[in-house]
Amino acid sequence: MNANEFMKKIGFKAAKSIVNRWPFSTETDVYLPEMKEYTYIAIPPTETDPYVSLADLQRIVESCEIVESLEGLDRAKLFIKHREFNLERGIYFKCTIEGIKKRVDRVKQAVLDVESITVAI
């Protein structure tokens, strides 16, 4: 099952709860919603599989938290725009260029993730 679709179906709070209870180890990488259990499956889930990738679900939950910490999608997009503008002009404070680029890339992914689930956070 696609993590984005699963998140749309269950909502942010339930997804965060699943991620927080994940017994992170090499022996668990998917969540089986029907059985409410964590397990390991060697192949990545497809949209038709009855399980969801915990790594993908965790990324989407973190994306929601990033966008929320930036006070919503509009401000997150503004953050990206300002940071890219500053990088183009060589303006950065107490950060490396690589650090800023990494942060901008993560916020871009967060915006895409949140837009793909379209749930209120």
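## Salt bridges

A salt bridge is a side-chain nitrogen of Lys or Arg within 4 Å of a carboxyl oxygen of Asp or Glu. A search of the whole structure finds eight of them. This is a predicted model: local features need pLDDT of at least 70, side-chain atom pairs count only at pLDDT 80 or more, and totals for chains, interfaces and linings use all residues. Residues are numbered from 1 along each chain as its sequence is written, and side-chain values use heavy atoms, with hydrogens and water left out.

Start with R59 and D56. They form a salt bridge, and the closest N and O atoms are 3.6 Å apart. Both residues sit in helix α3 (residues 54-69), three residues apart, or about one turn of the helix. Helices here are DSSP runs of H or I with at least four residues, strands are runs of E with at least two, and both are numbered from the N terminus. R59 has 27% relative accessibility, so R59 counts as partly exposed. D56, at 33%, is also partly exposed. Buried means under 20% relative accessible area, exposed means over 50%, and partly exposed lies in between (1.4 Å probe, protein chains only). D56 and R59 also belong to a salt-bridge network with D113.

## Two more bridges

K77 and E115 meet through their side chains in a salt bridge of 2.7 Å, N to O. This pair links distant parts of the chain: K77 is in helix α4 (residues 73-89), E115 is in helix α5 (residues 97-117), and they are 38 residues apart. K77 has 39% relative accessibility and is partly exposed. E115 is partly exposed at 33%.

E88 and R89 form another salt bridge, at 3.1 Å from N to O. How accessible is E88? E88 reaches 62%, so E88 counts as exposed. R89 has a relative accessible area of 47% and is partly exposed.

## Helix α5

Helix α5 has 21 residues. The expected span is 1.5 Å times one less than the number of residues.

Which residues of α5 are buried? They are I100, V104, V107, A110, V111, D113, V114 and I117. These buried residues pack against α1 (3-10), α3 and α4. Packing rests on contact, which means heavy atoms within 4.5 Å. Just after α5, T118 takes a positive phi of about 40 degrees.

## A buried charge

D49 lies in the loop between β2 (37-39) and β3 (52-53). D49 is buried yet has no salt bridge. The nearest side chain of opposite charge is K9, 14 Å away. For charge, Lys and Arg count as positive and Asp and Glu as negative, while His and the chain ends are not counted.

What lies around D49? D49 touches M1 and P44, not counting residues up to four places away in sequence. A polar atom of the D49 side chain also lies 2.8 Å from the backbone nitrogen of T46.

## Aromatic rings

The structure holds two aromatic pairs. In one, the rings of F6 and Y31 have centres 6.2 Å apart and planes at 55 degrees, so the pair is tilted. Rings of Phe, Tyr and Trp (its six-membered ring) pair if their centres lie within 6.5 Å; planes under 30 degrees apart are stacked, over 60 edge-to-face, and the rest tilted.

F6 is in helix α1 and Y31 in strand β1 (residues 30-32), 25 residues apart, so this pair links distant parts of the chain. Both F6 and Y31 are buried. Ring pairs join F6, Y31 and Y38 into a cluster.

Methods
A polar contact is a pair of N or O atoms within 3.5 Å; within protein, one must be able to donate a hydrogen and the other to accept it, and residues adjacent in sequence count only if both atoms are side-chain atoms.
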